[in-house]
Structure formats: C-alpha cells, structure tokens
Amino acid sequence: MFGGLKERLQAARNRLSSSIGAVVATPVAEPVVPHLPPAAGTTEPEKTAAPGFVEKVKVLVLERELIVSDKNIAEALSELEMTLLESDVALPVTDAIIISVRKNLVGRHRKIGESVDAMVVSALKSALLEVLGKGFDLKEYINTHPRPVKILFTGVNGTGKTTSVAKIGSYLHKQGFSVVIGAGDTYRAGAIEQIAVHAERIGIKVIQHQEGADPSAVLFDTVQYAISHKIDVVLADTAGRFHTKSNLMNQLDKIKRVMKPDLVIYVDEAVAGNDAVIRAAEFDRTVGADAIVLTKADMDSRGGAAISIAHTIGKPLMFLGVGQSYDDIIPFDPAGVVDELLDGA
Amino acid sequence: MATNTQQAEQRELMMLQQYLKDYGQQAEIFVEQLNLLENARMEAMAAIEALEAMVVAEDNTVLLQIGGGASVRAKVLEPEKVLVAIGAEVVIERTNNEAVEFLKGRIMEMEASQKKVSETLDKLRAQMNEINKRLEFGYQQSMAGQQAEE
C-alpha cells in the first residue's frame, strides 16, 4: 500500500537529514546591525523568533548544540514539496505539511552527536498526523449512539460501494453487532442480486425490492425492520451517481429525508488520486458526508488521496479497502499509516 | 414436485451463478483499469519520443497532430522548457531532460501498477475457473438425478 509514496518519503527524509547533518559547526556570521535607541513615540520592535549569531555561538559553545535554520533545510523542503505533489497530494495539504515540518525543525536545538534522522522523522510524523486527522472509530460511534445506527453509502459509479457495504457489514458482524443491509441500488442491473449474495455469504439479512423500485421505500423498510428486530446497524447501499446529475441527487435528498441517516459515508477509490479528493469535496458540498471510505488502496502506489482527503474536506477517513475478500477492509488508523510510510521509524 | 435436496441444489447453483457474475463484473473493472494504464503508459512514451526529437529537430520544427489523422508543421519556441503536470493538478516548468526523466519515472510507476492489477485479475480468473468447475459438476449431478428419476 502506497509503496511509491513510501519510497519518495524515504528519499525526502534522507535529504532532510543530510541537510541538517551538514550544518557547519561554526555558525555563519550575520551582518551586525547597530542597535539604535527607538525614536520618540515608537515602541521597540518585537524580537523575532529566529536565533541571532550571538545566540547561535552561545548555544554551540556552552551547550554543545547546533540550531537548525531555515536556510539549512530550504532546499530539502522544496524537494519534499515536489515529492508530495508528484504523489498527488493536494496542494493545500502539501503546503500544510511543509509548514508543519518547517515549524518543527527551524530553531530546533540539536545536541552534537544526536540523531538527525530521529528529529526529521518526528517532524514528518507530526506533519502527516496533522493532515491525516484522527480517523473515525465506527465501533465507538455505534456504541455511543441510539440503535439502530443508520449509515447511508454514497459515491460515484464503479468505485466499489456495494462491495464496501458488504465488507463493512462483515466487519461489524464480527465485532458482535447485528446488521441489516438495505439494497437501495435499484438502478444498476444485478446490483440487488449482488448485495443479496454478499449478505447471504456473510450471514446478514438484506431488505430488497424489485429492480427499478423507489430506493427511499427500500431503505425506509430496512430501517423499520431494524427497529422492529432491534438491529444495531442499518447499512444502506445506493446507486452510484455523479454530483452533477440533478435528478439522482434529488433522489438522494429524498432518501435522506425518508431514512434520516446518522452517518453519510462517501465511497471512492484511492487510485483516483486527486480526482477522488475533488469529487469528495463536491459530494460534501451537495449532499454532505460525515466520513470517507477509500477502496482499492492496495493498488494505489501514490497515496495522494488517502493523505489529502481528510484535510481537504475536513471529514475523517473511516476505512481503507485493501483487497478482494471480506476481511480486506481496515479501519483507518492515522498513526499506523504514518508508521508504515516512514517504515522502521 | 422438487424435493428439499433438489431445491437446495438449485439454490446453490443459482448462488454460484451469481458469484460468477459478480466476479465477472469485478474482472471487467480491472480490465478497464489495465487498459487505462496501458493508454497512459503509451501516451507517456510518445511524449518522451516527442521531447527527445524536439531538441534535435532542425529549426525546432515538429509535426503536430491536430486530430483526424491531420498534422501540421509547428515550430516549438522553447524546446528546452517543458510544462509538466506533476500531480495534484500542479503544472511546473522543467527542462527537457528533467521532463523526460519525470515521464520515465511515471512509466515505471504505471508498469508496477499494471503488474499489481494483472495479479489481482489472475486471482479473480482462477476463482472464476473454480466456480465454473463447481457449476459444471453441479449441473452434471442435477442431470444425473433427473435421469435416475425418469
């Protein structure tokens, strides 16, 4: 997963480490500006955060430490920026990462002999964690909300919505929750049979109507079934749609009015990269989304969508689809993903 | 009237057919993805060829395809400066050599992705073959059962 990004980040990490490691033992002298008393009526300007020459020497001689300056890492940061953009990490997210890394490194006191790599990894980790957000713990959400918890799945066509519904159903089933699936994709040929077969395989009840039926009615029935049978979670599948198709978006509005979902989940594929981020933002604007599921993450070498989506639309990433079987869905764990990207860190 | 066993067999056969259909649809998506990757790879290779030819072309003149099989001779003003979409909808200016290196890197990435998608597709096809065998066996058993009853 995200192999290309991992390789690139490794290279950027080495570059940053060597830039900081190459900081000369004697700080470069800076031009001495004579200190003049402030003119009458003016206040003395605030001291800037950047350490001056005297301070640098003092720190080096007395504390045997070096201070990392902006100049030391400017080039390496520029390379990191290119690395992230080439990995399809959205521009605002790239900017946020660079700002965070710079903030964490510039002005840092480094003991002579202290590992530079550890310092760089820590800065990268914290920058990535900031943009990845906290993730979304579905189990905790279900445990802390009135049952049935109604979850509506939306997204564009062919990204693996129905399979994701089945995988999440299987995941929740294994966590001990009772689940019912509403076959709300009454539009695509074979979609009802597909979800019915999935449901049978994983031992979950599915509520279905005929092909072409009103999806709102199917999902209303599903919620009623869940209430009367004291089911914990309703997973509502819907037909894939683009946000530009007004008739289908109106249908989605009706579904939301009728079934009153607790969570609206946007499903897209990680391999779509920045397109997935843009589509998620459009969907969030038009119908709203509470969390994101990215499918086919195992085939995505760049990782741009996974890194960018939470920060860009401000909604958490909930699951990553990583394969064909029902167990191939993993709750999104930002710390785990960052550790994986900065392997061995 | 069909017995319970026959009904169960029929249900299993129908389920296997549905699995097969489901896997078939997934395989179609992966084939489509492979085609997209291949098209993008070919496009990148053509771009490398054009970039390399541009700098050695006499008078910086190249043939520019304008669609429908028609081409015009066009003069490239700055063959050493190339605008490259590096990702995340960001376009930056690079030298001709840097652009070629970038595209070569992208081609390697696409080939790695193609390999991964092909492996998944192979796995899917193996599963489909397995289901096909089970279906065939099921049909034969069902036919044999009907003949025995007659």
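Tutor: Start with a pair of residues: Leu64(B) stands opposite Val72(B) in strand β2(B). The model is predicted; local features need pLDDT of at least 70, side-chain atom pairs count only at pLDDT 80 or more, and totals for chains, interfaces and linings use all residues. Residues are numbered from 1 along each chain as its sequence is written, while chains are lettered from A and ligands numbered from 1 in the order in which they are written.

β1(B), residues 61–67, and β2(B) are antiparallel, with 6 bridges between them. Two strands pair if DSSP finds at least two bridges between them. Helices (H or I, at least four residues) and strands (E, at least two) are DSSP runs, numbered from the N terminus. The turn of the hairpin holds 2 residues. Gly68(B) is in that turn, and its phi is positive, about 65 degrees.

How many of the 6 residues of β2(B) are buried? The count is 0, so residues 70–75 are hardly covered. Buried takes 20 or more other C-beta atoms within 10 Å, exposed 12 or fewer, and partly exposed falls in between, with C-beta atoms placed from the backbone.

Most residues other than glycine have a negative phi, and most peptide bonds are trans. Asn60(B) is partly exposed because it has 15 other C-beta atoms within 10 Å.

Lys230(A) is not a glycine, yet has a positive phi of about 50 degrees. The loop between α9 (215–228) and β6 (233–238) of chain A holds Lys230(A). Lys230(A) counts as exposed, because it has 9 C-beta neighbours inside 10 Å. Another backbone detail is a cis peptide bond from Arg147(A) to Pro148(A), with omega near -5 degrees. Pro148(A) sits in the loop between α6 (138–143) and β3 (149–155) of chain A.

Next, the sheet of chain A. It is open, with 8 strands in the order β5-β4-β6-β3-β7-β8-β9-β10 and mixed pairing. β5 (205–207) and β10 (329–331) are its edge strands, each pairing on one side only. From one strand to the next, the twist averages 25 degrees. Within the sheet, β7(A), residues 263–269, runs parallel to β8(A), residues 291–295, over 5 bridges. Val267(A) has Val293(A) as its bridge partner in β8(A). Helix α11(A), residues 274–286, lies across β3, β7 and β8, at about 155 degrees to β7(A). Axes are lines fitted to C-alpha atoms, for helices over the stretch in contact, and angles run from 0 to 180 degrees between N-to-C directions.

Finally, the two chains meet. The contact takes 19 residues from chain A and 17 from chain B. Two residues are in contact if their C-beta atoms, placed from the backbone, lie within 7 Å. On the chain A side, α3 (70–86) and α8 (191–202) each supply at least two residues. α8(A) gives the most, with 4 residues. By class, that side has 6 nonpolar, 9 polar and 4 charged residues. Ala, Val, Leu, Ile, Met, Phe, Trp, Tyr, Cys and Pro count as nonpolar, Asp, Glu, Lys and Arg as charged, and the others, Gly among them, as polar.
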